[in-house]
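Hello,

Here is the structure I promised to pass on. Please open it and keep it beside this email while you read.

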Number of protein chains: 2
Amino acid sequence: MPTLKDVAKASGVSVMTVSNVVNGRPRVSEATRRRVLAAVDELGYQVNLTARSLRAGRSGTIALSIPRADHPYFAELAAAVTDALRPAGRHLVIEQTGASREGELSALSQARLQMYDGVLLSVVGMHDDEVARLQSDMPLVLLGEKRMPDHLDQVMLGNFDGAHLATAHLIARGARHIAIAGGTRDPAETGMVGMRTAGWRAAHVEAGLVPDERLVLPPLHFEMSESREQIRTAVAEGLPIDGVFAVTDQVAIGVMAGLHDCGLRIPDDVQVVGFDNLAVSAHLTPGLTTVDPRTDLVVEESLRLLDRRLSGDDVQVEHLVMPVRLVVRGTTR
Amino acid sequence: MPTLKDVAKASGVSVMTVSNVVNGRPRVSEATRRRVLAAVDELGYQVNLTARSLRAGRSGTIALSIPRADHPYFAELAAAVTDALRPAGRHLVIEQTGASREGELSALSQARLQMYDGVLLSVVGMHDDEVARLQSDMPLVLLGEKRMPDHLDQVMLGNFDGAHLATAHLIARGARHIAIAGGTRDPAETGMVGMRTAGWRAAHVEAGLVPDERLVLPPLHFEMSESREQIRTAVAEGLPIDGVFAVTDQVAIGVMAGLHDCGLRIPDDVQVVGFDNLAVSAHLTPGLTTVDPRTDLVVEESLRLLDRRLSGDDVQVEHLVMPVRLVVRGTTR
DNA sequence: GTGAAAGCGCTAACAC
DNA sequence: GTGTTAGCGCTTTCAC
């Protein structure tokens, strides 16, 4: 690869002048500029971003760390962040952690994160203390499901509120035996699953109902095929189910398929509500009633918090919980 | 951030020795090693990967460049590549290039790719001349839809074969008025849309049928809502349709929703086949018959080609077209 | 075993 | 307007 030096030699000026031209800085005569650009073209010069980053101390790049790209919620999040960054000419790269603690630890090695100007971090498997050890002096915003260490900025979804909204809606529409697909019986669980289960419970209690613990179908890997199988088994076992709150839309899609396999009609026999408002959810038959996690707000707030850090202001840590809303479609009456 | 120099000072050795310890090189006495590691711990030293990359000329990272992360096909591709790389402990980042309207590979994003040891580049939507301008001396494999310049390794999907398979299947199952959702009437179109349309045509011809040009529904943005609207309009206009080959599963999902909106039953009134075999397609009601693009093979071959380049062997350029297969589900009879 | 010197490619700061 | 100098943090080379 040709370097600035090569271009300088070819056009008979100094490296610095080439740098000035390449970076569009003023105070370069039109003649020189043309000569330099000609040499750039001829040699096929490309700026070496590694060298620029080392020198400048900034890379102009932000990283978004997500568990898996094929998890549609995170894929849609990634696209939303990219879109939000584009107008400002900033660049995003996506790091995948593989939804495991080990993966997070390696992908998020301090050394790697240092390459970025800032990091938006979706934490799933890492332990609290591991997250806590992350350099607090680098611009970092947690997109957490669960409550994370106090010294780091964090934007959380309205997990509890959304689950509550979803379950209350099912109750309002007449469901009385509401399973939670992907819920937990473990009260110590404080992650996404724990909070959404808590919302499911709370909505029951508020309506004067007692949540049926048999209808807590434990989380698998949030995969459609597993959820499909799980709900089929539950129905086959004779559990009384006339409503399902699925902790994610992916799970909900599996549940819908499984109910259909059992010959049950949605919403006539069983009503279903999901969580995530995936793009596909609007186009299922019937359309999936779901909780909109307001990814737009999550992105907006995350970038606001990150920008504060990037601008170097020494500001207060913020922990935000975003509002959610219910999108009612055909899977509920 | 502390540097090698700081650690060297703190432990009373030279920078070089610290580097040797940090990189686990031999020929360092046990006593020195311990002393250095103690200083590393104390100062919280982290290697600066930018500096290392600049000096070493390698970053240890591979990039996968895709148009958008929320395009499920690419999201699933990204996850598949990551999974394939994980056992070897190699690192992948996802770059989104194609999301911009014009000039997908701007000078800057080209330079960005140089930061990586190797790049898997999805060239959907890129213009031929853009691709031709790509530095051919960097390890690069094109994941192309259309035939690309000869000097670059390329792995292509079986676009023509898949479309042919899908359409022939519809014909075999009795469809005689087969629309192509996302097809083109422009014979000069050589991209994914062109090749899949060519497959649709060829299957007609082989069966002694004449493809109905009115049933070529032009490509929009491969979004579900647009396709839904499009098929509704086509049906409302009274076009005779008893089968639809959708150029992607996303389009197919929109088509299914649109047909349902019109009160048409699938597969009884209209049969549908998609292309991509997305994870969600198996769990729709009815399940979507679709072309499996064999992403597993695409990934395997791409990485093989990339590894050849990475190992520096000066090898023959390869252009591969992967086989496809049809997955028959409920949207066809 | 350990260290000194050179330089990867770039740009900030300053001189002319 | 243009050039010179210095140095970002690291590793390669070679001397001791």
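This is a predicted model: local features need pLDDT of at least 70, side-chain atom pairs count only at pLDDT 80 or more; totals for chains, interfaces and linings use all residues.

Thr61(A) stands opposite His91(A) in S2(A).

Now zoom out. Both strands sit in an open sheet of 12 strands with mixed pairing. Its order is S11(A)-S5(A)-S4(A)-S3(A)-S1(A)-S2(A)-S2(B)-S1(B)-S3(B)-S4(B)-S5(B)-S11(B). Which strands form the edges? They are S11 of chain A and strand S11 (319-321) of chain B, and each pairs on one side only. On average, neighbouring strands of the sheet are turned by 20° against each other, direction ignored.

Next, look at S5(A). It pairs in the parallel sense with strand S4 (residues 140-142) of chain A over 2 bridges. It also pairs in the parallel sense with strand S11 (residues 319-321) of chain A, over 3 bridges. Find Gln154(A): its bridge partner is Leu142(A) in one pairing and His319(A), in S11(A), in another.

Where do the side chains of S5(A) go? Asp153(A) and Val155(A) point one way. Gln154(A) and Met156(A) point the other way. All four are buried. In a regular strand, side chains alternate between the two faces of the sheet.

Last, the helices. Helix H13 (residues 295-310) of chain A lies across S1, S3 (118-121), S4, S5 and S11 of chain A. It runs at about 175° to S5(A).

Best wishes

Key
Residues are numbered from 1 along each chain as its sequence is written. Chains are lettered from A and ligands numbered from 1 in the order in which they are written. Side-chain values use heavy atoms; hydrogens and water are left out. Buried means under 20% relative accessible area, exposed over 50%, partly exposed in between (1.4 Å probe, protein chains only). Two strands pair if DSSP finds at least two bridges between them. Axes are lines fitted to C-alpha atoms, for helices over the stretch in contact, and angles run from 0 to 180 degrees between N-to-C directions. Contact means heavy atoms within 4.5 Å.
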